[in-house]
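Dear colleague,

Please find the structure below, followed by a short account of what was found in it.

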Amino acid sequence: MAMILNEEQQLLKESADGFFAEKAPVGQLRQLRDDKDEACFSRDLWKEMAEMGFAGILVSEEHGGAGFGLVGAGIVAEAMGRNLSASPFHASSVAAALVIEAAGSDQQKGRLLPAIAAGETIATLAIDEKSSHSPENSAMKAEVLDGGYKLSGMKTFVPEGGAADQFVVLARTSGEVGSQDGLSLFLVDRRASGLIIDRTAMTDSRNWAKLTFEGVQVDADALIGEEGKAMAALDPALDKARVVLSAELLGIAQECLDQTVKYLQERKQFGVLIGSFQGLQHRAAQLFSEIEVTRSAVLKALQMGDMGGDFRWFASLAKAKASKTAELASNEAIQMHGGIGMTDEFDMGFYIKRARVLQALYGDYNYHADRFASASGY
Amino acid sequence: MSDLEAFREETRAWLEGNCPQSMRGTSGGLASGEDDICWGGRKFVFKSEDQRLWLERMASCGWTVPTWPAEYGGGGLSKVEAKVLASEMRRIKAQSPLVSFGIWMLGPALLKFGTHEQKLEHLPKIARGEIRWCQGYSEPNAGSDLAALATKAEDKGDHYVINGQKVWTSYADKADWIFCLVRTDFEASKHNGISFVLFDMDQPGVSTKPIKLISGNSPFCETFFDDAVASKENLVGEENKGWTIAKYLLTHERTGISDMGIPTPLNALATDKLGTVDGQIGDKMLRHQIAEHEIDAASFMFTLERAKDEAKAGGDMGAFSSMLKGYGTELNKDRHELIMKVNGSDAFEWEGQFSNNGEIARNWLRTKANSIEGGTTEVQLNIIAKRILNLPA
């Protein structure tokens, strides 16, 4: 497959770039933060995103989605990264939809995917318990009851956790903490008795939560996929979600560079435009190079994800590289903006704060560098 | 069967029958084993009869330069057919029959800027490996500031008389002809007085002196012109318009340098040398460093692929080649630093049988020039800043 966008993808890109720049620019996130908005995204925007087909971009046409594939989801995510557009897109339409698609029964898919695609149900993954990503270290218990399960334990770093309607929860039906075996996925409604949702205010001003399960009872049909075998379906689905996150990080990095270059072309010191200083030119040119190289890793991984098969090597490559580059870009942007980059009035602070959170989500640079090395055979 | 499949079968059969066994198996390319490369030229001594035969057979098909037109000694293949040929050669690990600056550098420039007569005169000799070329660009006072070059060419009617000095001329002592940037107008601004001329090095006015490098090798020379003569038939493009060709070739060279082929993966080297614990390289810190490097290297490899696909789709490479050159060469330096670390004290051996005469260390030192030759990394960053990011001068 040629590493360029086809005509259909190019049209999607133009549409997504225009849509998010107009409807959900970074100023909207600022407003939501200042208003201490409950959902931390605009319900109107989310409705429009569903109408545009973005909310169902990965969901098959059979289930009411657009079936556009991972490259398409990456295009939307990159545009959202550029604008820091706040919405449950990644949590619900990407991560949760992919896991349900991969592991769910026909009945579960038929019930959940159309609602996700329509933006009516917001679903999200609750898979981490530690402060660093390691789903296999889940200790949360799922005891077998008559006709169902009882969940006890906690989850943290749950995306859109304060607004989600349905949680896809990873819990242990058997096995020791750290073992890949014995983990199972359950669908839990936000209104379930014994479920405590604590919104956590985070650096990125978005919607995150910690969940506490005090003996939450669910029916047998809440089990998604095979009991004890969750990781086999979860990890490949997560890989796709990681690559879409990489595209969002790429959008953040690109926006950091573009705003910085614009500033270098306008700001004067010592009587000249500061963009004429070689010290700054080289920093900007190096950042440009890193972003272009990252763009290739992300596009390749998106394309490989659409081709199917085991693509963990590509997924970890993309997530590692995009995380590193977003870190570099947001740091460089503040440095090259000087004092103004440190002010809250200026937008750059939103970018660096969002970048770090997404760098960590579903595995940071070190996590994926290690996984990349293992997948490479060393 | 499609035409392409038929071509693949014919090619496979032809290679099977014509590629001598001794020309298969080891990897060619500029990066390793320079001793085994067939460079061609009047002074070249074939390492074996097989090497001579392999060149002769490939040249008879035009397959030393598969995509050049047949009338100029090429194979007249389409890009897709050339890819098939390359993959079939890789399949049997066939060595490249001929590697040269004529093929890599001058040929593309002549195809683009030369007259029909110039192409007829020079290209077939390049394709057959009869004439070896070198590139006369840098001068003692014109390195990064290449356009400041001062080698003077005086108009003597039907020829030029050339005086001056070049430096960093790759393999000038082994070359037959030189493609050379000279100044034909000293009044014009520096970019507008340069011409691109070709001349035979086998004449009294030309002498060369190898430069010994930190690697102990001497791939570069100083080249002196003392009333050297170049016929005007061998002026490429218009007089004083040589900078256009120089820039084209620099872009071409940068793309080429950045794409020196896929290097040997470090993981095989490291697991071999350091051993593994539970399938992982035992030295955890080195494992991490290797992973960091390979993440960048793989991302860069996909960038080369993307750049090619974009160019094929009609995009303009332009200054993007500066990014590829800068990034690719820094990456290669980093790679050789890692190779040194993996090999530990063995890497420092300079002579003798254990180290193939210090191959690891000498290759490592060679890479230090990667980010200098063809325009330094800093020059590439300047080009990116000005031509891509539009930062003010």
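**Domains and cores**

The centres of domain 1 and domain 2 of chain A, taken over C-alpha atoms, are separated by 23 Å. The model is predicted: local features need pLDDT of at least 70, side-chain atom pairs count only at pLDDT 80 or more, and totals for chains, interfaces and linings use all residues. Residues are numbered from 1 along each chain as its sequence is written, and chains are lettered from A and ligands numbered from 1 in the order in which they are written.

Chain A is divided into domain 1 (7–121), domain 2 (124–228) and domain 3 (231–375), with bounds from an automatic or database domain assignment.

The largest nonpolar core has 161 residues, and Val99(A), Val168(A), Phe186(A), Ala284(A) and Ala301(A) have the most contacts inside it. Such a core is a set of buried Ala, Val, Leu, Ile, Met, Phe, Trp, Tyr and Cys residues joined through C-beta atoms within 7 Å; buried means that 20 or more other C-beta atoms lie within 10 Å of a residue's own. Helix H7 (residues 230–266) of chain A gives the most to this core, 20 residues. A second, separate core of 62 residues includes Ile103(B), Ile162(B), Val182(B) and Leu249(B).

Yours sincerely

Methods:
Buried ≥ 20, exposed ≤ 12 C-beta atoms within 10 Å, placed from the backbone. Helix = DSSP H or I, 4+ residues; strand = E, 2+ residues; numbered from the N terminus.
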